[in-house]
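Please consult the sequence and the structure shown below while reading.

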Amino acid sequence: MKTVADCVEEILVTQPFLEEALSRRIINFSALAEELQEPISGMLRKPVKTGAIIMAPV
């Protein structure tokens, strides 16, 4: 079964500029979690809260 952390990791692997932007503090975790909420909900086929995305260990 796929987890929120798996989905976040998959997105960061396919879009490495997001990881760089986080490390350079161009964007913050909260803003990124809000943007990723819909794609991750679609990947898991169930609603996901932004807090779960922020806390996902990657």
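The axes of helix H1 (residues 4-14) and helix H2 (residues 16-23) come within 4 Å and cross at roughly 100°. H1 is therefore roughly perpendicular to H2, a term for angles of 65 to 115 degrees. This is a predicted model, in which local features need pLDDT of at least 70 and side-chain atom pairs count only at pLDDT 80 or more, while totals for chains, interfaces and linings use all residues. Residues are numbered from 1 along each chain as its sequence is written, and side-chain values use heavy atoms, with hydrogens and water left out.

**Contact between the helices**

- Ile11, Leu12, Val13 and Thr14 of H1 are in contact with Pro16, Leu18 and Glu19 of H2 (contact means heavy atoms within 4.5 Å).
- Sorted by class, the contact of H1 with H2 comprises five nonpolar, one polar and one charged residues.

**Salt bridges**

- The structure holds two salt bridges (a side-chain nitrogen of Lys or Arg within 4 Å of a carboxyl oxygen of Asp or Glu).
- One of them joins the side chains of lysine 2 and glutamate 10, at 2.8 Å from N to O.
- Arginine 24 forms a salt bridge with glutamate 20, and the closest N and O atoms are 3.5 Å apart.

**Exposure of the salt-bridge residues**

- Lysine 2 is partly exposed at 39% relative accessibility (buried means under 20% relative accessible area, exposed over 50%, and partly exposed in between, with a 1.4 Å probe and protein chains only).
- Glutamate 10 is partly exposed, at 37%.
- Arginine 24 is exposed, at 56%, whereas glutamate 20 is partly exposed, at 44%.

How values were computed. Axes fitted to C-alpha atoms, helices over the stretch in contact; angles between N-to-C directions. Helix = DSSP H or I, 4+ residues; strand = E, 2+ residues; numbered from the N terminus. Parallel < 35°, antiparallel > 145°, perpendicular 65-115°, else oblique. Nonpolar A, V, L, I, M, F, W, Y, C, P; charged D, E, K, R; others polar.
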